[in-house]
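I am opening a notebook on a structure that is new to me, and I will write down each thing I look up. The sequence and the model come before my entries.

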Amino acid sequence: MSSSQQSGQKTAIAPATGKLGVMVVGLGAVATTFIAGVEAVRRGLAKPIGSLTQMGTIRLGKRTDGNAPLIRDFVPLASLDDLVFTGWDIFEDNVYEAAAHAKVLDNETLAALKPYLETIKPMPAVFDQHYVKRLNGTHVKTGKNKMDLVEQVRAEIRAFRKTVDRVVVIWCGSTEIFLEPTAVHQSIAAFEQGLVASDPSIAPSQIYAWAALSEGVPFANGAPNLTVDFPAAIELSRKNNAPITGKDFKTGQTFMKTVLAPAFKARMLGVSGWYSTNILGNRDGEVLDDPESFKTKEESKLGVLDYILQPELYPDLYKDIYHKVRINYYPPRGDNKEGWDNIDIFGWLGYPMQIKVDFLCRDSILAAPIALDLVLFLDLAQRTQQLASIGVQEWLSFYWKSPQTAPDLYPEHDLFIQSMKLKNTLRHIMGHELITHLGLEYYD
Ligand SMILES: NC(=O)c1ccc[n+]([C@@H]2O[C@H](COP(=O)([O-])OP(=O)(O)OC[C@H]3O[C@@H](n4cnc5c(N)ncnc54)[C@H](O)[C@@H]3O)[C@@H](O)[C@H]2O)c1
């Protein structure tokens, strides 16, 4: 009996040679903390804490084998030294100025990195205030219709690609208003007609995403916007070997939720209510103070509990959970969010208990390593024969509040299942045995 399964042949993976261009949409708190952090690590000033690709190991074979290499030694990932950054924003500030404005990193760190960060200047954005009510930018492209804007972004991607070997685009821009897919989102042809007609259901994030996927460039969406979560984008992603994955970085409160909820379910403890509230004072908090942007975030945050707890399978435990999520803009805290959870649970014979979580986190410090890992793993996916053309990379669910999946498949939100899935995917593409944790062979 074996606790591991033979995965079969290693799939072909192109080497990670040369430069990887990272095009970041929205050079705000998360993006600048990501870029400055990579540079700080490259210079040996700090460690890439929170990054699975940089610090994580992967067990291979039996527990008795003692074989657990670093993930970055096991799979061919681009090295941090090979990352080259550029991006877009609605403000003209360079990355040093934007990072100073965001006030996430201390002055000493920023001063050490200033000459490098100043060289990264945003290209003008695709922006329309209709989709982000609380922002008003001046560094913005104009075009005769939305297709024209796609063409402009495509030209910028092509120009940048001439200076590097491969490119990934990542959205670290603000949360747009809540949009649902319409007729234009159903096929490539319909979407392209929609672009020409400047259909109002096509938001700026979709314009960047369409440009990237049209150029065969992987795209990650750090916000809860629709962006690539519709049939036409999935079709284009598959057609052009441009991997996509979920939306909305899973960083603070939802990260905790997807750790705690599986624990309650594993022990068959009931949940009657889960009240989550946050105070947040950065620009993201300001944007989310607008009800239409908050609605997009709320949908993303609310989804996880139902999928994890499966009330349809466990009606006695989870049928009538009262789940509430609030975000309150509170400027004094800046990027240092405080997230409270009150969880009403019940145990043996229905006796009630409570759990309180008070997470004093730093939003962008949590998000930056996720941005890094996603860029590196999406680039790996594109170089991996078995993954490049499948479109949605469900194995990266680990990083998302709202993982994307194949149609009709429910998303996996449990952090530990997500982690196992990610590592087994890496074992699989490298032709190593999958680890099932059965473990009976240790007792033969
Ligand atoms: N930090 C976290 O823990 C976390 C977790 C999940 C999701 N997010 C999401 O990540 C995104 C970025 O967060 P942040 O804290 O860096 O916010 P931020 O406000 O500091 O940065 C967003 C930047 O995007 C720019 N922008 C907005 N629309 C744009 C467009 N159309 N084109 C180009 N630039 C545009 C803004 O000018 C701003 O500089 C937000 O949507 C946020 O909800 C953050």
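Which element gives the largest share of the shell around the ligand? I looked through the shell, keeping in mind that this is a predicted model, and found that helix 14 gives the largest share, with four residues. Helix 14 covers residues 363–383, and it is listed with helix 1 (29–42), strand 3 (83–89), strand 7 (244–249) and helix 11 (283–288) as elements that each supply at least two residues of the shell. There are 37 residues around the ligand, and those that come nearest are Gly26, Gly28, Ala125, Ala223 and Arg283. Sorting the shell by class, I noted 21 nonpolar, 11 polar and five charged residues. I also looked up where the shell comes from in terms of domains, and noted that domain 1 and domain 2 each provide at least three of its residues.

Entry 2, the domains. I looked up the bounds next: domain 1 is made of two stretches, 4–249 + 364–435, while domain 2 runs over 253–360. Their C-alpha centres are 26 Å apart, and 27 residues of domain 1 are in contact with 26 residues of domain 2. On the side of domain 1 that touches domain 2, strand 7, strand 12 (400–402) and helix 16 (415–429) each supply at least two residues. By class, I recorded 12 nonpolar, seven polar and eight charged residues for that side of domain 1.

Asp414 is 152 residues from Pro262 in sequence, yet their C-alpha atoms are 6.0 Å apart in space.

I noted 16 helices and 13 strands in the chain. The radius of gyration is 22 Å, close to the 22 Å that the globule rule gives for 444 residues, so the chain is as compact as a globular protein of that length. The C-alpha trace spans about 65 × 50 × 50 Å along its principal axes, and 45% of the 444 residues are buried. Of the contacts between residues at least 6 apart in sequence, 78% join residues at least 24 apart.

I looked up how helix 4 (residues 95–102) packs with helix 5 (residues 107–117), and found an angle of about 145° with the axes 8 Å apart. Val95, Tyr96, Ala99 and Ala100 on the helix 4 side meet Leu110, Lys114 and Leu117 on the helix 5 side. The classes in this contact are six nonpolar, no polar and one charged residues.

Ser198 is not a glycine, but its phi is positive, near 50°, and Ser198 sits in the loop between helix 7 (188–196) and helix 8 (204–214). Asp408, also not a glycine, has a positive phi of about 70° and belongs to the loop between strand 12 and helix 16. Are these residues buried or exposed? Ser198 has 15 C-beta neighbours inside 10 Å and counts as partly exposed, whereas Asp408 has 5 and counts as exposed.

How values were computed: Residues numbered from 1 in each chain as written. Predicted model: local features only at pLDDT ≥ 70, side-chain atom pairs only at ≥ 80, totals over all residues. Axes fitted to C-alpha atoms, helices over the stretch in contact; angles between N-to-C directions. Contact = placed C-beta atoms within 7 Å. Nonpolar A, V, L, I, M, F, W, Y, C, P; charged D, E, K, R; others polar. Rg over C-alpha atoms; globule rule 2.2 N^0.38 Å. Buried ≥ 20, exposed ≤ 12 C-beta atoms within 10 Å, placed from the backbone. Near = placed C-beta within 6 Å. Domains from an automatic or database assignment.
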